[in-house]
Amino acid sequence: MTGKEFLSEYGKLKSCIRSKKEQLLELQSSMESLRAIRYDKDRVQSSPSGDPMLDGMIKIEEKSNSIAKDIMKLTDLGDDIINRLSRMKSPAFLDLLTRRYIRGESFEQIAVEMGYSYKTTLNYHGDALLEFEDVNEDLKLMEKIGNFGNRKMV
């Protein structure tokens, strides 16, 4: 696994959590509309339990638990990445990779905030990834083993 692939896992997991939160909000909104339905009319069974409110509440609980697990994975991965970044010798490279992979900043934003040209930022990014891989040689071993400290990656 390359340094870029490893660092990119953080953004992928963060995006996954954001999507799940959006799904949860949609589900909660749908549940609100179910409350407006009158139950004194003829009922048609459309859910396995016969109670759409109960089924919806179960789905909300399952989605919430899934999000909570992903947030714990994100926290663990973030701690691992920060620990690995702290091994780097160049503070500028550490800052650049932190901005890109932890904060999710664009190269344009990084260039402006760090006072580099866009092209220089891209070049430094490549150099920073090489240094990251050099000080984290175990990434190559982890790829061969196929696990990340018994943590399944997204």
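Q: In this predicted model, which helix holds Asp134?
A: Asp134 has its place in helix H5, which covers residues 118–135.

Q: Why is Asp134 called exposed?
A: Its relative accessibility is 55%, and exposed means over 50%, so Asp134 counts as exposed.

Q: And what makes Arg99 buried?
A: Here the relative accessible area is 12%. The cut-off for buried is under 20%, so Arg99 is buried. Arg99 is found in helix H3, and beyond four places in sequence it touches Gly104, Glu105, Ile110, Glu113 and Met114.

Q: Why is H3 called oblique to H4?
A: The two helices pack at about 140°, with their axes 10 Å apart. Roughly antiparallel needs an angle over 145 degrees and roughly perpendicular needs 65 to 115, so H3 is oblique to H4. The contact is made by Ala92, Asp95, Leu96, Arg99 and Arg100 of H3 with Phe107, Ile110, Glu113 and Met114 of H4. By class, these residues are five nonpolar, no polar and four charged. As for handedness, the crossing of H3 and H4 is right-handed.

Q: Which residues have the most contacts inside the largest nonpolar core?
A: They are Phe6, Leu7, Ile81, Leu85, Met88, Leu97 and Phe132, in a core of 29 residues. Helices H1, H2, H3, H4, H5 and H6 each give two or more residues to this core.

Q: What is Phe132 in contact with, leaving aside neighbours within four places in sequence?
A: Its partners are Gly3, Phe6, Leu7, Arg84, Leu85, Met88, Leu97 and Leu139.

Definitions and conventions: Residues are numbered from 1 along each chain as its sequence is written. This is a predicted model: local features need pLDDT of at least 70, side-chain atom pairs count only at pLDDT 80 or more; totals for chains, interfaces and linings use all residues. Side-chain values use heavy atoms; hydrogens and water are left out. Helices (H or I, at least four residues) and strands (E, at least two) are DSSP runs, numbered from the N terminus. Buried means under 20% relative accessible area, exposed over 50%, partly exposed in between (1.4 Å probe, protein chains only). A nonpolar core is a set of buried Ala, Val, Leu, Ile, Met, Phe, Trp, Tyr and Cys residues joined through side-chain atoms within 4.5 Å. Contact means heavy atoms within 4.5 Å. Axes are lines fitted to C-alpha atoms, for helices over the stretch in contact, and angles run from 0 to 180 degrees between N-to-C directions. Angles under 35 degrees count as roughly parallel, over 145 as roughly antiparallel, 65 to 115 as roughly perpendicular and the rest as oblique. A crossing is left-handed if the near helix is turned anticlockwise from the far one by less than a right angle, and right-handed if clockwise. Ala, Val, Leu, Ile, Met, Phe, Trp, Tyr, Cys and Pro count as nonpolar, Asp, Glu, Lys and Arg as charged, and the others, Gly among them, as polar.
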